[in-house]
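Reader: I have a structure to read and would like to know what its descriptions rest on. Please go through it with me.

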Number of protein chains: 2
Amino acid sequence: MSQEWNDLIDTRHEDSADQLRERQIQLRQMPIEEVGLLLESLPVEQRLADWRLLDEPERFDVLLAMRADPRERILDDLSKDELDELLTDLDASELLELADSLSGRLIDRAFKRMDEQQQEWFLSARQYDDDLIGHWLSHEILTLPQTAKVRDVHRLLRRQHPEYRDAVFLTNRVGQYAGTVRLSDVWREQDHIPLADLISEGVEPLVANDRVQEASGRIQSARLAALPVVDEQGKLLGCLDMTTALELLQEFYEAQLMAGAGMDNEEDLFAPVRKSAKGRAIWLGINLLTAFAASWFIGLFEATLQEVVALAVLMPVVASMGGIAGSQTLTLMIRGLALNQITPANRMALLRKELSVGSLNGVIWAVVIGLVATVWFGSSLIGMVIAAAIAMNIVAAAFSGVVIPVILDRLKIDPALSGSVVLTTVTDIVGFVAFLGLGTLILL
Amino acid sequence: MSQEWNDLIDTRHEDSADQLRERQIQLRQMPIEEVGLLLESLPVEQRLADWRLLDEPERFDVLLAMRADPRERILDDLSKDELDELLTDLDASELLELADSLSGRLIDRAFKRMDEQQQEWFLSARQYDDDLIGHWLSHEILTLPQTAKVRDVHRLLRRQHPEYRDAVFLTNRVGQYAGTVRLSDVWREQDHIPLADLISEGVEPLVANDRVQEASGRIQSARLAALPVVDEQGKLLGCLDMTTALELLQEFYEAQLMAGAGMDNEEDLFAPVRKSAKGRAIWLGINLLTAFAASWFIGLFEATLQEVVALAVLMPVVASMGGIAGSQTLTLMIRGLALNQITPANRMALLRKELSVGSLNGVIWAVVIGLVATVWFGSSLIGMVIAAAIAMNIVAAAFSGVVIPVILDRLKIDPALSGSVVLTTVTDIVGFVAFLGLGTLILL
C-alpha cells in the first residue's frame with residue numbers, strides 16, 4: 001500500500017492518456033477519506049486535475065472530507081455553473097460542513113433550495129458553536145413512543161432503515177427522551193413485548209450544550225454506534241454518532257498540536273505562499289514582542305555584560321533550561337485541562353507536586369551546570385551565579401507551568417495556543433534577570 | 001455536571017461516614033471511563049480510598065480504563081491476596097491491557113489461569129507491537145461460511161450475540177475473509193437468500209501488520225461498528241472495533257502532545273516527585289547539551305561581544321524568531337507525516353513552498369527588526385547586521401523544518417518527540433553564528 005500511495009502522490013512525470021485512465025481507476029477504488037487526504041497532499045494544479053478525474057457524486061463527498069483550506073482552493077477554481085451544480089440538493093449537515101468555505105451569498109442560495117425540515121435543522125445547528133455537541137447532531141434516528149412494542153420496531157425498520165444505527169430511542173408524549181433500546185435486544189423478543197421492558201441500562205443522553213470532547217468518552221463506554229442528544233429540557237433532538245465523534249476528536253487534537261505553533265488546523269499543506277506567510281506572521285509578531293521584552297531586560301545589564309562577557313555566552317543555557325522545564329509542566333496541564341482533570345480542588349496539590357519536582361530538578365541541574373561553567377570559565381563565582389539562576393528559573397518555570405494555563409483557561413483563552421508564548425516570556429525574563437542581576441551583584 | 005465534578009475532585013474536607021456513603025453512590029453512578037479520569041486526577045491516597053469505594057467488578061474495569069502510571073500506583077498498594085483475586089479470570093485482552101503494569105511473575109500466573117483459547121489469543125497479540133492493529137484485535141466476532149444463508153444468521157444470533165456488532169463476516173473453506181454482511185441488510189431478507197448476495201460493497205479488511213492510525217479513517221468511511229482484520233495471507237483473525245479505534249486515536253494524539261515536551265503519555269498527574277523528576281531530567285539533559293553547544297558557538301565571538309554589547313542584548317531576538325518560524329514548518333510536517341501525506345514525491349514541492357514562505361517572512365521581519373534595532377541602538381550598522389541574520393535564520397528554519405522531520409522519520413525516530421530539539425539546536429546555532437559573525441565582520 002505504501003508504494004502505491006507514493007506513486008499516487010508522485011506527479012513529476014508527464015501524464016499520458018493511459019496513465020490518466022489508470023490514475024482515475026485507482027482514485028475511484030480508494031475510500032473517500034483517503035482520496036481527501038491524497039488531494040490535500042498534492043500541489044494545487046494537480047489537486048484540481050485529480051479531483052476532476054472523480055465521478056460526479058464522489059467529487060462532492062471528497063470535498064466534504066477535506067480540510068477547509070485545501071477545499072477552498074478547489075472551490076475557488078470552479079466556474080459559477082460548476083459551483084451551482086455542486087451546491088444543489090445539499091442537506092443541512094452538508095451545508096454546515098461547507099459553510100466555512102462558502103461566501104454568504106452562496107450559503108444563502110443553497111439554504112433557500114433546501115426543504116423546510118433541513119432549513120430548520122441548519123438554523124438550529126448554527127445556534128451552537130462548533131465546539132458544542134448541538135452543532136454536530138445527526139437527525140437520522142429511529143424513534144418510537146415509549147409505549148411502543150417490539151412489533152413497532154419491525155414496522156419502523158421496514159419503512160426506514162438508516163445504516164449504522166444499532167438502537168431505537170424512545171420518547172414520551174412531549175418528545176422528551178425516555179430510553180434507548182438496542183436492536184440486538186429486540187430481534188430475539190416476541191412481537192407483543194413492550195419496548196419499555198428492553199431499555200438498556202447506563203445509556204445517559206448527551207446534552208446539546210456540552211462540549212464535543214466530552215462525547216467521545218461517553219460513546220466509548222456506552223458501546224453504541226450513536227448516543228441520543230437532548231436539549232436542556234430533556235427533549236430528544238437527534239444523535240451524535242461514533243463516526244462524528246471520532247472525526248471531532250481527531251480535529252480537536254490536531255487543532256491542539258497546530259495551536260502550539262500558532263497555526264490553524266485547516267491550514268493547507270500547499271497554501272498560497274502569501275496567505276501562508278500572512279497566517280504565520282501574526283504568531284511571529286507576537287513572539288517578537290516577547291523577545292524584545294526579554295532583550296530589554298538584558299539591556300538593563302549592559303554594563304555587566306561588558307565587564308563579564310562569560311555571562312553573555314551562558315545566557316542561552318539559563319533561558320533554555322527554564323523554557324524546557326516549564327513546557328513539561330505546561331504540557332501536563334494542557335492535557336489535564338482538556339480531559340477536565342484540573343479543577344479548583346486539586347490545583348493546589350498539583351502546584352505543590354510540580355514545585356517539588358521543579359526544586360529537585362532545579363538543584364540537580366544547578367549543580368551540574370555550575371560545575372561545567374566553573375571549569376569552562378575557570379571561575380567558581382560564575383559557576384555559583386549560573387547555578388543560582390538555573391535553580392530559580394526551573395522553580396519559577398514549574399510555578400508558571402501550573403498557574404499560566406489555569407489563568408488562561410479562566411480567561412477563556414486556549415492554553416494550547418497561548419500557553420507556551422506566555423510561559424517562555426516569563427522564563428526568559430526571570431532567567432535573564434536572575435542571572436544578570438546576580439552577576440552584577442557578585443561579579444562586579 | 002461541572003460543579004458536581006469539581007465537588008468530587010474536592011477532597012480537602014474531612015470525610016464523615018455520611019459523606020463517604022454519598023460519594024460512593026456518586027461514584028457508582030458514573031460511567032467507568034469517567035471514574036477512571038476522576039481517579040487519575042486525585043492525589044494518591046485519595047485515589048486509593050475512592051477506588052476501594054467501588055463495587056468489586058467495577059474496581060477491575062476502572063483499573064483497565066486508567067493510564068498505566070496512575071493504575072500502577074493503585075496496584076502497588078494492594079496486598080498479595082487482593083492482587084491475586086483481581087487477576088483471577090482475566091481474558092486475553094484484559095491481560096494485554098494490564099501487562100505493562102504487572103511484573104513478569106504476575107503475568108505468568110494470570111496467563112496460566114486462562115483457558116487455551118485465551119492463551120493463544122494473548123500470545124498472538126503479543127507478536128504485534130502495540131502500534132500495530134494486530135495487537136488490539138477483538139475476537140468477539142460473528143462469522144459464517146460464505147455459502148451460508150439468511151437463516152444461518154438468525155440461528156447464529158440465537159446462540160451468540162455479542163453486543164455492539166452490526167455485521168457478520170464471511171470466510172471461505174480455508175478461513176480467508178470473503179466479505180462483510182451488515183445485520184441491517186439481513187433483517188428484511190427471506191430465510192433462503194444466500195448471504196453472498198448481501199455482501200456490503202467497499203468494506204476493505206484491515207491488515208494486522210498495519211499501523212493503528214490507519215484504522216480510524218477506514219472505520220469512519222466504512223460506517224461499521226467493527227472492521228474485519230486479516231493476516232498477510234488473508235486469513236480472518238478478528239476485528240478492530242470503533243471503541244478501540246477511538247481509544248487508540250486518542251492515545252496516539254496524546255502521546256504526540258506529550259512527546260513535544262519529552263514526556264510519556266502514561267505520566268501520572270500525581271506521579272511521585274522522584275520518579276517524575278527523573279523522567280523529565282533526561283529531556284532537560286538533552287536540551288542542556290544543545291544549549292551548551294549554542295553557548296560554545298557564542299563563545300567564539302567573545303571579543304566581538306565585549307566590543308559591541310548591543311549584540312548580546314539582541315541575541316535572544318535572533319534565536320527566538322528562527323525557533324518560532326522553524327517550529328511552524330515542523331508542526332505542519334509532523335501532522336503531514338502522521339497522516340501519511342508526506343512522501344518522497346511531494347517533498348520537493350513542499351520544500352520549495354516552505355522556502356518561499358520563509359523568504360517572504362524573513363524579509364518582512366528583517367526589515368521590521370532592523371528598523372527597531374537601528375532606532376534602539378542608534379546605529380544603522382547594527383540594524384543591518386540583525387536584519388541579515390534574521391533573514392538567514394528564518395530561511396534556514398524553513399529548510400530545517402522540512403528536512404529534519406523527514407530525516408528523523410527515515411531513521412525511525414519519532415519527529416514529534418525529537419524534532420523540536422534538533423530544530424532549535426540548528427536555528428540557535430545558525431542564528432548566533434550569522435548574527436555574531438556578521439557583527440564581527442561589519443562592526444569591528
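Reader: How many residues does the contact take from chain A and from chain B?

Author: The contact takes 103 residues from chain A and 103 residues from chain B. Two residues are in contact if their C-beta atoms, placed from the backbone, lie within 7 Å. This is a predicted model, in which local features need pLDDT of at least 70, side-chain atom pairs count only at pLDDT 80 or more, and totals for chains, interfaces and linings use all residues. Residues are numbered from 1 along each chain as its sequence is written, while chains are lettered from A and ligands numbered from 1 in the order in which they are written.

Reader: Which helix of chain A gives the most to the side that touches chain B?

Author: Helix 17 of chain A does, with 18 residues. A helix here is a DSSP run of H or I with at least four residues, a strand is a run of E with at least two, and both are numbered from the N terminus. By class, that side of chain A has 55 nonpolar, 30 polar and 18 charged residues. Nonpolar covers Ala, Val, Leu, Ile, Met, Phe, Trp, Tyr, Cys and Pro; charged covers Asp, Glu, Lys and Arg; the others, Gly among them, are polar.

Reader: Why is chain A called more spread out than a compact globule?

Author: Chain A has 20 helices and six strands. Its radius of gyration is 29 Å, well over the 22 Å that the globule rule gives for 444 residues, so chain A is more spread out than a compact globule. The radius is taken over C-alpha atoms, and the rule is 2.2 Å times the number of residues to the power 0.38.

Reader: Why do strand 4 and strand 6 of chain A stand at the edges?

Author: The open sheet has the order 4-5-6 in chain A, with mixed pairing. Two strands pair if DSSP finds at least two bridges between them. Strand 4 (206-207) and strand 6 (236-241) of chain A each have a single partner strand, so one side of each is left without a neighbour in the sheet. Strand 4 of chain A is joined to strand 5 (residues 226-230) of chain A by two bridges, and the two run parallel.
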